[in-house]
Amino acid sequence: MKEVNPYVLALKQLDRVAKKINLDPGIHEKLKYPKRALIVSIPVVMDDGRLEVFTGYRVQHNVDRGPSKGGIRFHPDVTLDHVKALAMWMTWKCAAMGLPYGGAKGGVTCDPRKMSRSEVEKLSRRYATEIAIVIGPDRDIPAPDVYTNPQIMGWMMDTYSMHVGHAVPGVVTGKPVEIGGAYGRVEATARGCLFTVGEALKCSGKELKGSTVVIQGYGNAGSISHRLAEEEGARVIAVSDSKGGILNSEGLSFSGVSAHKKETGSVVGFPGAHPLTNAELLELECDLLIPAALENQITADNAPRLKAGLIAEAANGPTTEEAGEILFKRKIPVIPDIIANAGGVVVSCFEWAQNLMGYFWTEDEVNKKLHDIMIPAFRNTYELAGQEGIDLRLAAYMLAVERVAAAVKIRGVYP
Ligand code: NAD
């Protein structure tokens with residue numbers, strides 16, 4: 001599969017929308033580049049006594065609409081360009097949802113699956129220390145992403161708090177509830193994704209109940225999408241993780257697959273299911289395909305063979321620009337990442353607001369508020385796409401980039 005640099009993809013997406021909305025060339029130029037990019041080296045004494053030095057990044061793409069917000073990824077493929085693209089996508093996502101944030105992202109090039117808990121804790125704390133000069137509850141607020149989790153957010157919150165001498169729960173979101181996390185945050189990305197799926201299916205007179213679903217990736221976004229889709233009465237026929245996929249056209253039970261993954265470390269080998277590759281999984285016939293792993297999975301190579309009725313991008317950037325055009329021509333709707341997976345940052349925003357006010361909502365209140373943000377965001381996008389005869393991604397980008405451009409214009413260029 002041809003590697004696409006995610007930052008090149010992000011710039012192409014911006015160019016396409018700039019042309020469509022007649023974006024001021026100066027503002028277009030400004031939005032191409034991150035406001036700030038910090039590269040840090042992170043020395044860690046490993047369990048065997050060796051000193052290993054990892055490279056980490058924190059990129060703040062734009063802060064015109066408020067402090068920047070975005071997750072932290074621990075993955076071997078993390079590069080500066082990766083993080084720059086992910087930070088730009090966060091700017092559009094926060095604007096698409098109407099959240100008072102700009103976009104940022106962080107990452108460390110490492111493989112936490114091959115590290116002990118204590119090595120991951122040391123890496124997380126030293127990374128948090130190194131980026132402490134640019135983050136803070138009113139500056140830039142990290143959250144979990146691929147191979148980071150609530151415990152890692154807890155270590156980062158503790159590290160930052162130790163440095164300033166008092167507890168600062170609002171410095172990161174996606175924390176455990178015991179230290180200021182929001183109820184419903186763990187499920188928020190998948191829940192938000194399924195809210196948009198329900199609405200998209202409703203628009204074509206269909207429903208999730210009884211639909212067949214295929215999910216790529218079995219972490220936070222993917223496995224919880226399995227659970228929630230099953231709860232809605234859908235039949236999840238195939239799932240995968242980094243080691244490969246499994247298929248059972250009768251349906252795969254969430255409790256069975258998740259217990260198998262917990263025990264063996266992978267969904268592969270689940271009794272009664274056929275093995276298949278990640279590439280084969282994407283091409284299965286189904287009503288709904290949820291890519292919930294990494295970027296660059298749906299490309300011009302495989303897009304002509306996809307047989308899904310609807311695609312919801314729980315992952316960030318899973319579809320290349322060329323693949324998006326092919327799918328649009330083939331009339332396969334794609335709910336774009338900046339809408340489909342925005343539930344995570346929406347509930348992160350609730351968590352941050354709760355930390356700042358010191359007051360908490362119940363899980364039902366959080367889910368209702370999430371619903372009330374996701375549905376209008378999807379509907380506005382859907383209606384604009386219909387009016388303009390364009391795909392959902394371009395419509396979502398038009399709404400988002402226009403909001404950011406308006407903020408840039410009002411604030412002006414300093415000095
Ligand atoms: P995670 O670390 O919890 O899970 C990642 C999953 O992807 C794992 O099951 C892993 O095995 C699988 N995976 C890794 N490489 C793969 C490959 N080459 N093929 C198939 N599967 C592979 O991460 P997550 O938080 O679920 O994030 C997944 C995607 O969702 C990412 O694109 C992330 O940016 C996006 N996302 C996550 C959130 C969130 O709140 N967690 C919010 C918005 C977007």
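Helices (H or I, at least four residues) and strands (E, at least two) are DSSP runs, numbered from the N terminus. This is a predicted model, in which local features need pLDDT of at least 70 and side-chain atom pairs count only at pLDDT 80 or more, while totals for chains, interfaces and linings use all residues. Residues are numbered from 1 along each chain as its sequence is written, and side-chain values use heavy atoms, with hydrogens and water left out.

**Exercise 1. Describe the shell around the ligand.**

Step 1. Set the cut-off. A residue is near a molecule if one of its heavy atoms lies within 4 Å of it.
Step 2. Count. The ligand is surrounded by 23 residues. The closest are Asp145, Tyr147, Thr189, Asn220 and Asn316.
Step 3. Sort by class. Ala, Val, Leu, Ile, Met, Phe, Trp, Tyr, Cys and Pro count as nonpolar; Asp, Glu, Lys and Arg as charged; the others, Gly among them, as polar. The shell has 9 nonpolar, 9 polar and 5 charged residues.
Step 4. Sort by domain, with bounds from an automatic or database domain assignment. Domain 1 (33-178) and domain 2 (186-341) each give at least three residues to the shell.

**Exercise 2. Find polar atoms of the protein that face oxygen atoms of the ligand.**

Step 1. Recall the term. A polar contact is a pair of N or O atoms within 3.5 Å; within protein, one must be able to donate a hydrogen and the other to accept it, and residues adjacent in sequence count only if both atoms are side-chain atoms.
Step 2. Start with Asp145. An N or O atom in its side chain is 2.6 Å from an oxygen atom of the ligand.
Step 3. Go to Thr189. A polar side-chain atom of this residue is 2.7 Å from a ligand oxygen atom.
Step 4. Look at the cover. On its own the ligand has 820 Å² of accessible area (Shrake-Rupley method, 1.4 Å probe; for residues, only the protein chains shown count as cover). The protein covers 89% of that area.
Step 5. Name the elements. Those that give two or more residues to the shell are α6 (185-203) and α7 (220-231).

**Exercise 3. Trace salt bridges.**

Step 1. A salt bridge is a side-chain nitrogen of Lys or Arg within 4 Å of a carboxyl oxygen of Asp or Glu. Side chains of opposite charge can pair when their charged atoms come close.
Step 2. Take the total. The whole structure has 30 salt bridges.
Step 3. Inspect Glu322 and Lys12. Their side chains meet in a salt bridge at 2.8 Å, N to O. The pair links distant parts of the chain, 310 residues apart: Glu322 in helix α10 (residues 321-329) and Lys12 in helix α1 (residues 6-21). Glu322 is partly exposed at 34%, and Lys12 is partly exposed at 37%.
Step 4. Turn to Lys202 and Glu199, a salt bridge at 3.6 Å, N to O. They are 3 residues apart in helix α6, so about one helical turn separates them. Lys202 is exposed at 54%, whereas Glu199 is buried at 8%.
Step 5. Look for a network. Salt bridges link Arg73, Lys105, Asp145 and Glu295.

**Exercise 4. Which side chain does the side chain of Gln60 contact?**

Step 1. Locate Gln60 in strand β2 (residues 51-62).
Step 2. Its relative accessibility is 3%, so Gln60 counts as buried.
Step 3. The partner is the side chain of Asp140, in a polar contact of 2.9 Å.

Technical notes. Buried means under 20% relative accessible area, exposed over 50%, partly exposed in between (1.4 Å probe, protein chains only).
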